[in-house]
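Have the viewer open while reading.

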Amino acid sequence: MKILVTGGAGFIGSNFIYHVLENHQNDEVVCLDALTYAGSLSTLQKALEVERFRFVKGDITDMELVDKLFREEKFDVVVNFAAESHVDRSILNPDVFLKTNILGTQVLMDASRKYDVKRYHQVSTDEVYGDLPLDRPDLFFTEETPIHTSSPYSASKAAADLLVQAYHRTYGLPVTISRCSNNYGPYHFPEKLIPLIISKALRDEKLPVYGTGENVRDWLYVEDHCEAIDLIIRKGKVGEVYNIGGHNEKTNLEVVKTILKELDKPESLIEFVKDRAGHDMRYAIDPAKISRELSWEPHTTFEEGIKITIKWYLDHKYWWENILSGEYQKDYERLYGDKY
Ligand code: NAD
Ligand code: TDX
């Protein structure tokens, strides 16, 4: 089948592209990505060598471009990863979050309706459920947990989810939605906690921990997330929401200390800084539905995954140093010039 992956030059989308190209030899993949600050073409370097893969630079909110692409390519499946994804940036500038995350979703769904896409999959997040208190470890997010958002980022993702469900009910668009917990692994942009701490610790820089560092996140290795989405688009039931998570809850301080230990760096690098506004306390996913209905299980524990991830960042210094220096933003011109 032919799959459109939007946001595929980012962290999870790129891992998903590699997953599909490796595991489904007959599938064709087109990536549509605007190459915002969060997208790097060097991330897709190996995919660009595969004939069944095509990269298109473009914005999901650009109706004309999206319409033309859908008309030309006749996609069977659309998987929408494209989003502004960093909570701290959404607090500073909500505007682009509403545009990309909500209006971009609308544009993609309108084209999916017009060109009879067989499945539109929305990659959502556990943050749409808000947060859980630290003193109730018995509580988890299920698919029935009410939407209750904290940041402009999570509000924009929740708005998109509601729109996706509305398109299913009103127009019969064959949709699915997945809501995953925090991912980590290769190609994670170095503004997010884990890659930020690894890249700063390697340069002996201070490590900013918000508030007291007691906030809990439920970490999932990115390949496990990609496998779950792959299962949902092939076997998931139209109209359904699936939560994805692997019961790997850690406080931020535990995560930072684990990385320091692995890198043999001192804890004195930790610096407690001003807390994030509206900072969610705890996320914790109950993945019972996807496990029961689609037999999905995560394969990588946090203890294994964090070792693999640290090794990847050590082996791919050029990838994140290219990002930190800003050089990566010239990759597209270098590769394509004015070809498009
Ligand atoms: P990311 O920020 O690493 O990548 C986003 C990609 O989208 C980038 O390549 C960027 O260039 C592209 N993009 C942004 N705006 C665009 C636009 N208007 N048009 C086309 N492309 C655009 O994000 P990520 O961490 O890979 O997250 C991917 C998706 O998964 C997002 O929808 C996010 O909400 C969701 N999600 C992320 C996590 C996580 O832990 N990172 C967890 C659950 C869900
Ligand atoms: O410098 C930091 N110091 C710090 O203490 C940063 C960047 C983060 N933090 C804390 C805030 C969070 O409690 O670490 C935790 C993780 O922060 P982020 O990496 O920014 O992720 P989070 O806010 O949890 O959101 C992520 O998971 C859900 C993704 O960025 C979202 O796109 C996804 O939907």
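The model is predicted.

**Ligand 1**

The shell around ligand 1 counts 28 residues. Of these, Ile12, Asp33, Ser85, Tyr153 and Lys157 come nearest. By class, the shell divides into 13 nonpolar, 12 polar and 3 charged residues.

Three elements each supply at least two residues of this shell: α1 (11-23), β5 (119-125) and α5 (152-171). The most comes from β5, with 3 residues.

Polar contacts to ligand 1 involve both backbone and side chain. A polar backbone atom of phenylalanine 11 sits 3.0 Å from an oxygen atom of the ligand. For alanine 34, a backbone N or O atom lies 3.1 Å from a nitrogen atom of ligand 1. Serine 85 uses its side chain: an N or O atom there is 2.7 Å from a ligand oxygen. On its own, ligand 1 has 830 Å² of accessible area, and the protein covers 96% of that.

**Ligand 2**

Around ligand 2 there are 20 residues. Thr125, Glu127, Tyr153, Arg276 and His279 come nearest. Tyr153 is also among the nearest residues of ligand 1. The shell of ligand 2 splits into 8 nonpolar, 7 polar and 5 charged residues.

Two elements, α6 (193-202) and β8 (207-210), each give at least two residues to this shell. The largest share, 3 residues, belongs to β8.

Which side chains place an N or O atom at 2.7 Å or 2.5 Å from an oxygen atom of ligand 2?

| Side chain (N or O atom) | Ligand 2 atom | Distance |
|---|---|---|
| glutamate 127 | oxygen | 2.7 Å |
| tyrosine 153 | oxygen | 2.5 Å |
| histidine 279 | oxygen | 2.7 Å |

The protein covers 93% of the 650 Å² of accessible area that ligand 2 has on its own.

Is strand β2 (residues 28-33) largely enclosed or largely open? Of its 6 residues, 5 are buried, so the strand is largely enclosed by the rest of the structure.

Strand β1 (residues 2-6) pairs with β2 in the parallel sense, over 5 bridges. Within this pairing, leucine 4 stands opposite valine 30 of β2. Together β1, α1 and β2 form a right-handed β-α-β unit. The helix of this unit, α1, also supplies at least two residues of the ligand 1 shell.

β2 pairs with strand β3 (residues 53-57) as well, again parallel and over 5 bridges. Here aspartate 33 has lysine 57 in β3 as its bridge partner.

**The loop between β2 and β3**

Threonine 43 is found in the loop between β2 and β3. Is threonine 43 buried or exposed? Its relative accessibility is 2%, so threonine 43 counts as buried; the cut-off for buried is under 20%. Its side chain makes a polar contact of 2.9 Å with the side chain of tryptophan 319.

Terms used
Residues numbered from 1 in each chain as written. Chains lettered and ligands numbered in written order. Predicted model: local features only at pLDDT ≥ 70, side-chain atom pairs only at ≥ 80, totals over all residues. Heavy atoms only, no water. Near = heavy atom within 4 Å. Polar contact = N/O pair within 3.5 Å; in protein donor to acceptor, adjacent residues only side chain to side chain. Areas by Shrake-Rupley, 256 points an atom, 1.4 Å probe, with all protein chains shown as cover. Helix = DSSP H or I, 4+ residues; strand = E, 2+ residues; numbered from the N terminus. Nonpolar A, V, L, I, M, F, W, Y, C, P; charged D, E, K, R; others polar. Buried < 20%, exposed > 50% of the residue type's maximum accessible area, 1.4 Å probe, protein only. Pairing = 2+ DSSP bridges. Right-handed = clockwise from strand over helix to strand, strands pointing away.
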